[in-house]
Amino acid sequence: MSQSLGKHEVPHRDGPQLRSSVLTRGTVIIIACLMPFTMAILWQWERGFAIADHSTPDVVASVQNQARTPDTPSTAQGGEVADGERLYAKHCEVCHGVAGDGLGKAARYLFPRPRDFSAGGLPLASTENGIASLEDIEWVLAKGMPGTSMRAFDSLKPAERRLLAQEVLRLRREGTRRQVTRAMLQAGEEPVEMEVNEAVEQMTTPGQPVALPQHWASDEAAIARGKIAYRTLGCENCHGEDGMGAADQALFDSAGEPNRPRDLVHEPFKGGRTREAIYLRIVVGMPGTAHPAAPGLPEDELKDLVAFILSLARPPERLLTNHDRREYAEVHAYRRRFVQ
Ligand code: HEC
Ligand code: HEC
């Protein structure tokens with residue numbers, strides 16, 4: 001380090017004249033060399049060069065909760081569907097599969113498994129009926145799901161994330177339609193188009209967004225009250241008295257995979273460790289997983305619970321690999337390795 005710094009300090013022995021002519025010649029050569037790149041970049045730009053959009057957390061947070069635009073169509077129209085399909089094939093198919101059934105080529109190496117869009121819920125929903133909205137999916141695409149292989153696609157443009165979210169919803173409706181039709185056939189009924197449409201509509205239409213509190217409590221008294229609520233509401237039956245997970249629960253998600261309760265002390269949260277995110281996870285639950293919804297609780301009690309959950313975090317953060325997560329999905333193995 002000091003050596004390379006020293007190098008710059010060596011004074012030029014050539015006179016100022018010689019130095020400036022070398023500089024001028026050098027500059028001309030550099031500009032000449034860069035010309036083709038500059039032209040290429042300008043040309044790409046003209047054709048819609050993908051400029052990275054590094055959304056700030058604030059902007060991203062506002063996507064899920066404040067900046068709801070009810071007029072945004074949840075389905076893409078005409079050529080946009082093709083754009084959405086192309087983006088999906090490029091960025092998502094390897095994990096979520098061609099039909100969005102979670103059976104992409106890489107899926108068998110991952111735990112938790114990539115979501116099957118055609119069945120079960122999406123855990124990070126923020127609506128009263130637990131059905132993820134377009135904005136919820138855009139939020140996941142911007143932020144990713146910490147502690148899983150679902151990364152943030154924050155280098156894509158917001159418009160591209162919207163097309164992808166619309167594509168997810170399209171795959172979701174198609175998958176739901178296949179399932180409804182199959183269920184009717186199995187029940188010996190002739191699937192009538194209108195009835196199928198109605199069922200699909202009901203299963204895929206998001207409800208109102210859950211209203212978030214305007215003010216939050218985080219003082220010691222709120223944490224103490226939250227701790228009591230955590231016990232009386234039965235959170236500790238799954239998450240353990242200390243928040244690190246109860247040893248005697250064998251839980252499964254809607255796909256039949258083992259579903260270990262989150263270690264609330266050390267592990268990252270899929271929806272992030274913000275009070276808004278935790279509030280939503282408690283009210284809405286995590287559809288498709290064993291973590292239940294707790295609707296209808298008074299707002300004050302929910303705020304206390306959020307304060308208590310936030311107070312549990314302690315370093316080091318425990319980042320497990322896909323292999324570890326599968327291995328410790330059986331609660332006893334996890335307890336043996338980390339807790340006892
Ligand atoms: C490397 C594999 C991988 C890739 C690539 C990937 N995903 Fe995922 N995705 C996952 C996994 C794993 C999960 C499940 C996380 C969980 O539920 O625990 C997931 C979950 C999701 C969810 C559920 C979110 C919710 O609300 O619960 C959505 C939606 C999603 N992915 C969309 C996409 C889209 C769109 C793309 C492409 C832009 C994509 N994913 C690319 C692995 C991947
Ligand atoms: C029946 C068992 C069960 C009960 C009861 C339960 N949880 Fe969970 N919880 C889970 C499981 C399983 C997960 C992990 C789900 C997943 O990511 O697949 C989880 C995940 C979570 C997360 C992580 C959210 C995220 O973004 O990753 C929080 C926070 C949480 N639970 C808090 C609570 C609170 C507070 C209560 C009580 C109101 C509660 N849980 C009750 C099983 C339970």
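Helices (H or I, at least four residues) and strands (E, at least two) are DSSP runs, numbered from the N terminus.

I am working with a predicted model, in which local features need pLDDT of at least 70 and side-chain atom pairs count only at pLDDT 80 or more, while totals for chains, interfaces and linings use all residues. Residues are numbered from 1 along each chain as its sequence is written, and chains are lettered from A and ligands numbered from 1 in the order in which they are written.

**Entry 1: the whole chain**

I counted 14 helices and 0 strands in the protein chain. Burial came next: a residue is buried if 20 or more other C-beta atoms lie within 10 Å of its own, exposed if 12 or fewer, and partly exposed in between, with C-beta atoms placed from the backbone. By that rule, 27% of the 340 residues of the protein chain are buried. For contacts I required C-beta atoms, placed from the backbone, within 7 Å. Among contacts between residues at least 6 apart in sequence, 67% join residues at least 24 apart.

**Entry 2: ligand 1**

Which residues come closest to ligand 1? I found Cys-92, Cys-95, Leu-122, Leu-124 and Met-150 to be the closest of the 26 that surround ligand 1; here a residue is near a molecule if its C-beta atom, placed from the backbone, lies within 6 Å of it. The elements that give two or more residues to this shell are α5, α6 and α7, and α6 has the largest share, with 4 residues. I sorted the shell with Ala, Val, Leu, Ile, Met, Phe, Trp, Tyr, Cys and Pro as nonpolar, Asp, Glu, Lys and Arg as charged, and the others, Gly among them, as polar. The shell around ligand 1 then divides into 19 nonpolar, 4 polar and 3 charged residues.

**Entry 3: Leu-124**

Leu-124 sits in the loop between α5 and α6. Is Leu-124 buried or exposed? It is buried, because 25 other C-beta atoms lie within 10 Å. Leu-124 touches Ala-132, Asp-136, Val-140, Lys-270 and Gly-271, leaving out residues up to four places away in sequence. I also noted Gly-285, which is 161 residues from Leu-124 in sequence and 8.4 Å from it in space, C-alpha to C-alpha.

**Entry 4: ligand 2**

Around ligand 2 I found 27 residues, and Cys-235, Cys-238, Phe-269, Gly-271 and His-291 come nearest. Gly-271 is also one of the residues that Leu-124 touches. At least two residues of this shell come from each of α10, α11 and α12, and α10 gives the most, with 4 residues. The shell around ligand 2 splits into 16 nonpolar, 7 polar and 4 charged residues.

**Entry 5: the core**

I then searched for nonpolar cores, meaning sets of buried Ala, Val, Leu, Ile, Met, Phe, Trp, Tyr and Cys residues joined through C-beta atoms within 7 Å. The largest has 35 residues, and Ile-137, Leu-164, Val-168, Tyr-279, Leu-305 and Val-306 touch the most other members. The elements that give two or more residues to this core are α6, α7, α11 and α12, with α11 supplying the largest share, 7 residues. Where does this core lie? It lies between domain 2 (57-204) and domain 3 (220-339), because both give residues to it; the domain bounds come from an automatic or database domain assignment. Val-306 touches Arg-275, Ile-278 and Tyr-279, not counting residues up to four places away in sequence.

I checked α7 (158-186): its 29 residues reach 42 Å from first C-alpha to last, close to the 42 Å expected at 1.5 Å a residue. The expected span is 1.5 Å times one less than the number of residues. Gly-188 follows α7 and has a positive phi, near 80°. In the loop between α5 and α6 I found Ala-99, which is partly exposed because 15 other C-beta atoms lie within 10 Å. Ala-99 touches Ser-118, Leu-171 and Gly-175, not counting residues up to four places away in sequence.

**Entry 6: cis bonds**

I ended with the backbone. Most residues other than glycine have a negative phi, and most peptide bonds are trans. The bond from Phe-111 to Pro-112 is cis, with omega near -5°, and Pro-112 is in the loop between α5 and α6. The bond from Pro-315 to Pro-316 is cis too, with omega near 0°; Pro-316 is in the loop between α12 and α13.

Terms used:
Two residues are in contact if their C-beta atoms, placed from the backbone, lie within 7 Å.
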